[in-house]
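Visitor: I am new to this structure. Please show me how to read it.
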Amino acid sequence: MTLPLDHPRSVLLGSQAGAFALPVCDHYSGVEVRMRKSLQMQAEMAQEFGACVFDVTLDCEDGAPVGGEREHAQLVVDLVRNAAPAMRVAARVHATDHPSFEEDIQTIVGQAGDRLSHLMVPKVEGLHDVQRAVALMDAAGAPNLPLHVLIESPLAVHHAFAIAAHARVQSLSFGLMDFVSAHGGAIGSDAMGVTGQFTHPMVVRAKLEMAAACHAYGKTPSHCVVTEFNDPEAMRQSVLQASRQLSYTRMWSIHPSQIRPILDAFSPDRAEVEMSVQIIEAAHAAQWAPISHDGVLHDRASYRYYWQVLERAYQTGQALPESVKVWLAPQRG
């Protein structure tokens, strides 16, 4: 989408103005009944919040039964095409070395690429995997479809900056379980739990490296799942650690009960939202020249921060005045 020259994203984010403001939650489901329920819940919460506040990613990698990959891909096509146009629905295809990888893309992108928000490709090891996926997407008739990538191995972490630099890559996600198992027992199983994944040095280093790669190129870092979905407090603390300590701006959900805790934990403080509205309104009125607000000088450096607070508030369904919502609402879709 081409933005007006005076739009806050154009003025404040410069060359990164095209970086998509993604919803903070990416909800995965791969079994038909759960996929349908996820899409229903997405539509209901969009009506509740006035915006599509989480993505639904329909999963082929873990969802398709062995031998039923082709049928599952066609089911994904049908679900995507029947989803409401305003909703954000994506698909995760099989890994790049799986026999169904190319056929997944040909089927799903070829038949529903115009309705997908993005395509998720797992087990990417380097730039060559990204280039291959993009070539297949282009051949399937979707030259502008964004690509999301799963970083799941030490080699992928090593190549994270090159992967994030690719123009079609919109987001990198960290795959905790595969990353741990890729170390051949050198990282214990406790590192896959809600505590160990935030304390084990190798895991924390990988998460930070991937997040840094994303922020270097204006892409979205997406944090891995928390498998303890029956523990709301553990979920909340995990989101807070991922966002406030590791600089992630998005997180996976694998159970409906995780969606609202992710939205809540990523949602900015209401007082900061109100101050951000005041500062951005005043900055816009001043044509983005420096202003004084409550005795504090602000210029484009601080405007950028407060604008991103407003983006996050919109992404998490907070009520905003029309004066700023008019800038934010067109970013959905």
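Guide: Start with the centres of domain 1 and domain 2: 30 Å separate them, taken over C-alpha atoms. The bounds, from an automatic or database domain assignment, are 25–266 for domain 1 and 269–326 for domain 2. This is a predicted model: local features need pLDDT of at least 70, side-chain atom pairs count only at pLDDT 80 or more, and totals for chains, interfaces and linings use all residues. Residues are numbered from 1 along each chain as its sequence is written, and side-chain values use heavy atoms, leaving out hydrogens and water.

Visitor: How many residues of domain 1 and domain 2 are in contact?
Guide: Contact means heavy atoms within 4.5 Å. Seven residues of domain 1 touch five of domain 2 in this sense. The buried area (accessible area, 1.4 Å probe, that two parts lose on being put together, summed over both) is about 550 Å². Carbon and sulfur atoms give 52% of that area.

Visitor: How many salt bridges are counted between domain 1 and domain 2?
Guide: A salt bridge puts a side-chain nitrogen of Lys or Arg within 4 Å of a carboxyl oxygen of Asp or Glu. The count between the two domains is zero. By this rule the count comes to 18 salt bridges. One of these joins the side chains of E32 and R36, at 3.0 Å, N to O.

Visitor: How do I read two packed helices?
Guide: Use the angle between their axes and the distance between the axes. Here, the axes (lines fitted to C-alpha atoms over the stretch in contact, with angles from 0 to 180 degrees between N-to-C directions) of α2 (residues 32–49) and α11 (residues 259–266) come within 13 Å and cross at roughly 35°. The contact involves M41, M45, E48 and F49 of α2, with I259, R260 and L263 of α11.

Note on methods. Helix = DSSP H or I, 4+ residues; strand = E, 2+ residues; numbered from the N terminus.
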